[in-house]
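Please look first at the sequence and the model that follow, and turn the model slowly before reading on.

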Amino acid sequence: MELSDLGFDHWFADQARELRAPDLSVARVTAVDRGRYFVRDEHGEVPAELTGRYLHEAAAADGVPCVGDWVGVRLLDERSHATIHQLLPRRTFLRRKSPGRGVEFQMIAANIDVAFVTQACHFDFNVRRLERYLVMVREGRIRPVVLLTKTDLVGPEALEDMLETVRRAASDVPVVPVSNVTGAGLDEVRRLLRPGETCCLLGSSGVGKTTLISHLSGSAALETGSVSHTGEGRHTTTRRQLVVLDGGQLLIDMPGMRELGMLGVGEGLEEVFADVGELAANCRFADCSHVREPGCAVRAAIERGDLSEEHLQSYLKLRKESAYHDLSYVERRRRDREFGRMTRAVLKPKGGRDTR
Ligand SMILES: Nc1nc2c(ncn2[C@@H]2O[C@H](COP(=O)(O)OP(=O)(O)OP(=O)(O)O)[C@@H](O)[C@H]2O)c(=O)[nH]1
Ligand SMILES: [Mg+2]
Ligand SMILES: [Zn+2]
């Protein structure tokens with residue numbers, strides 16, 4: 001195996017020129033489980049931990065590594081374990097805003113090429129939630145694909161309705177209906193996976209993400225967390241893990257997400273709702289809120305049946321969230337600057353030493 005088989009390409013090689021120490025080598029984070037890591041390079045996978053120094057210095061600036069990250073490591077005791085010293089810049093990312101008022105983000109995964117946003121036809125299907133996932137994916141500069149699973153549990157008309165709903169909400173995103181029971185759609189999913197590319201599966205618990213990966217994986221062993229003693233085989237995934245499939249594709253399995261929380265978004269929103277944006281360009285007023293203004297091209301499209309009211313409503317709702325986010329960001333920057341001035345005044349009496 002080469003590093004390129006793990007997704008390492010020219011872009012990452014450029015980033016790796018910045019490795020801080022000559023004895024550091026490059027590896028990819030393949031699993032994270034409550035502060036414990038696994039990293040993998042061309043020679044195999046080893047357990048790893050962050051150095052105390054990383055936690056003190058780098059963690060504040062870059063955050064801690066997440067699954068998919070490329071890191072600078074030192075391999076120890078004949079590769080029985082490793083220490084993580086440096087995080088290389090991320091090309092793409094999946095993150096959500098931490099609960100609470102600040103602007104901290106939780107990194108979910110990094111350096112993903114394709115995200116399969118997965119919903120089950122049965123019970124789980126919710127197009128508004130789908131839009132939120134798509135915004136998160138676009139924001140992180142990742143290519144989205146929508147997977148509708150468990151198609152064996154619904155009739156053909158119901159499935160066609162759902163597909164139509166998805167196409168209306170996300171016209172430029174490929175949608176693949178699949179069933180892990182009948183095998184329908186699995187070949188199409190396989191065609192979307194390319195060797196050396198990293199994909200991940202996102203979606204609620206129980207929609208069939210891990211089952212799908214097992215079908216695709218060939219011989220790659222997949223740890224599926226706890227299996228109940230009754231052996232009826234409910235594998236609730238408890239950690240994020242990157243597996244290499246027989247075909248050389250890289251897939252990250254994730255635990256189901258209970259909720260997405262606030263999105264703290266900008267670009268992703270405009271991309272997912274590009275249809276609304278295009279219409280809005282023709283509204284009479286530049287700051288049209290698309291509620292009841294005269295000459296509103298968005299409302300006109302709804303009247304004509306070209307745009308769904310619900311789609312517009314979720315756009316407006318998400319935009320409000322992101323406006324809130326921008327506001328709290330500005331507010332926070334202001335407070336940070338004031339705090340900075342205050343500490344400088346206290347810590348730097350005369351000719352104070354620059355600590356950077
Ligand atoms: N009918 C039907 N059941 C399925 C299908 N795919 C998975 N299941 C079942 O759904 C249950 C959950 O599947 P998992 O693959 O564990 O779901 P998951 O998305 O990985 O769930 P978490 O790990 O909790 O996020 C299991 O009992 C599967 O056997 C499908 O296509 N059709
Ligand atoms: Mg799972
Ligand atoms: Zn308007």
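The accessible surface of the protein comes to about 19100 Å², and 51% of that surface belongs to carbon and sulfur atoms. This is a predicted model, and every value given here was computed from it. Of the 356 residues in the protein, 46% are buried, where buried means a relative accessible area under 20%. The chain is built with 10 helices and 13 strands. Among the contacts in the protein with a separation of 6 or more, 66% are accounted for by residues 24 or more positions apart.

From the surface we can turn to the interior. In soluble globular proteins, nonpolar side chains tend to be buried together. In this model the largest nonpolar core has 62 residues, and those with the most contacts inside it are Leu94 and Leu202. Helix H3, residues 127-139, gives the largest share of this core, 7 residues. A second, separate core has 17 residues, including Phe116, Leu186, Leu193 and Leu212.

Which residues of helix H6 are buried? In this helix, which covers residues 209-217, they are Lys209, Thr210, Leu212, Ile213, Leu216 and Ser217. Seen down the axis of H6, these buried residues fall within an arc of 155°, and therefore they line one face of the helix. An α-helix has 3.6 residues a turn, so residues three or four places apart point the same way. The buried residues of H6 pack against the strands E8 (114-120), E9 (143-149), E11 (198-202), E12 (240-244) and E13 (250-253), and also against helix H5 (186-192).

Helix H5 holds leucine 186, which counts as buried at 7% relative accessibility. Leucine 186 and histidine 215 are 29 residues apart in sequence, yet their C-alpha atoms are 8.2 Å apart in space. If neighbours within four places in sequence are left aside, leucine 186 is in contact with Val178, Ser179, Asn180, Leu212, His215 and Leu216; two of these contacts, Leu212 and Leu216, are also among the buried residues of H6.

Valine 71 counts as buried at 0% relative accessibility, whereas leucine 75, at 30%, counts as partly exposed. Not counting residues up to four places away in sequence, valine 71 touches Ser25, Val26, Ala27, Val29, Val39, Pro65, Ile84, Gln86, Leu87 and Leu88. Leucine 75, with its neighbours within four places left aside, is in contact with Ser25, Asp41, Val46, His81 and Ala82. The C-alpha atoms of valine 71 and arginine 28 are separated by 6.1 Å, although these residues are 43 apart along the chain; for leucine 75 and aspartate 23, 52 residues apart along the chain, the separation is 9.2 Å.

Asparagine 111, in the loop between strand E7 (105-110) and E8, has a phi near 60°, a positive value in a residue other than glycine, and asparagine 111 is buried, with a relative accessible area of 4%. Lysine 150, in the loop between E9 and helix H4 (156-169), likewise has a positive phi near 60°, but lysine 150 counts as partly exposed at 29% relative accessibility.

Finally, which residues coordinate the zinc ion (ligand 3)? They are Cys283, Cys288 and Cys296, each through SG, and His290 through ND1, at 2.1 to 2.4 Å. In sequence, these donor residues are spaced C-x4-C-x1-H-x5-C. The 4 donor atoms subtend angles of 103 to 117° around the zinc ion (ligand 3), which makes the arrangement tetrahedral. Both histidine 290 and cysteine 296 are buried. Helix H9, residues 297-304, has Ala297, Val298, Arg299, Ala301 and Ile302 as its buried residues, and it is followed by glycine 305, whose phi is positive, near 85°.

Key. Residues numbered from 1 in each chain as written. Chains lettered and ligands numbered in written order. Predicted model: local features only at pLDDT ≥ 70, side-chain atom pairs only at ≥ 80, totals over all residues. Heavy atoms only, no water. Buried < 20%, exposed > 50% of the residue type's maximum accessible area, 1.4 Å probe, protein only. Helix = DSSP H or I, 4+ residues; strand = E, 2+ residues; numbered from the N terminus. Core = buried A, V, L, I, M, F, W, Y, C linked by side-chain atoms within 4.5 Å. Arc of directions from axis to C-beta. Contact = heavy atoms within 4.5 Å. Areas by Shrake-Rupley, 256 points an atom, 1.4 Å probe, with all protein chains shown as cover. Donors = N, O, S within 2.8 Å, 3.2 Å for Na, K, Ca; no water. Tetrahedral: all angles 85-135°; square planar, octahedral: opposite > 155°, others 65-115°.
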